Amino acid sequence: SAAGFTSAIFPLVGILGSLFLGTISDKLLIRKKFIVLAKVGLALSFIGISYFYVQNNYMMLAVLLALAGFFAYGASSVTYALVADTVSDKEIGLANGLVIGIGMIVGGTIVPLLIGGVKDFLSSYTLGFIVIAGYLLAFLIAILVLAKDVRSANVSNGEVTEEVETI
């Protein structure tokens with residue numbers, strides 16, 4: 001059915017985003033820039049979703065849901081790599097557990113409640129998606145301010161040195 005396909009497109013394209021952004025991030029040893037790119041793409045996707053929802057343009061909704069999945073899952077894989085680069089080897093599991101746990105609480109509980117509450121109050125999903133886009137942009141600012149720069153190994157002449165990525 002169309003509803004089932006539309007629901008499945010977010011995680012299906014998201015898996016591709018996770019593999020694609022994760023692979024490129026690993027090859028270039030760049031993390032924060034990819035997280036920023038993915039969060040901006042996700043926020044813009046939600047703004048587009050709110051616009052095309054009002055227009056009853058379900059084809060564009062499906063396209064934007066796919067893009068949102070690409071950016072959401074892509075940001076996750078790179079975020080886990082950033083965590084692994086930032087903390088000591090003995091803390092990677094705990095740190096990624098915290099990141100995943102917070103993501104599940106926010107994405108799986110708070111966001112649906114927020115969108116549902118806004119929909120109940122205003123009888124429209126549109127503002128709910130715009131609020132979520134605003135949340136994503138606030139998260140983006142937090143990443144830029146709080147996230148540590150990436151440690152990356154640079155092997156030249158048999159020596160391993162650390163480089164710091166800035167954004």
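Which residue forms a salt bridge with Asp 26? The close-up views below will take you there.

This is a predicted model, in which local features need pLDDT of at least 70 and side-chain atom pairs count only at pLDDT 80 or more, while totals for chains, interfaces and linings use all residues. Residues are numbered from 1 along each chain as its sequence is written, and side-chain values use heavy atoms, with hydrogens and water left out.

**View 1. Asp 26 and Arg 31 form a salt bridge.** Here the closest N and O atoms are 3.0 Å apart; a salt bridge is a side-chain nitrogen of Lys or Arg within 4 Å of a carboxyl oxygen of Asp or Glu. Asp 26 is partly exposed at 45% relative accessibility, whereas Arg 31 is buried at 6% (buried is under 20% relative accessible area, exposed over 50%, partly exposed in between, with a 1.4 Å probe and protein chains only).

**View 2. Arg 31 also forms a salt bridge with Asp 85.** Their closest N and O atoms are 2.7 Å apart. Arg 31 sits in the loop between helix 1 and helix 2 and Asp 85 in helix 3, so the pair ties together parts 54 residues apart in sequence (helices are DSSP runs of H or I, at least four residues, numbered from the N terminus).

**View 3. Helix 5 covers residues 126-146.** Its buried residues, among them Phe 129, Ile 132 and Leu 136, fall within an arc of 160° seen down the helix axis, so they line one face (the arc is that of the directions from the axis to the C-beta atoms). The face turned away from the buried side carries the exposed residues Ile 141, Val 145 and Leu 146.

Conventions:
Helix = DSSP H or I, 4+ residues; strand = E, 2+ residues; numbered from the N terminus. Expected span 1.5 Å × (residues − 1).
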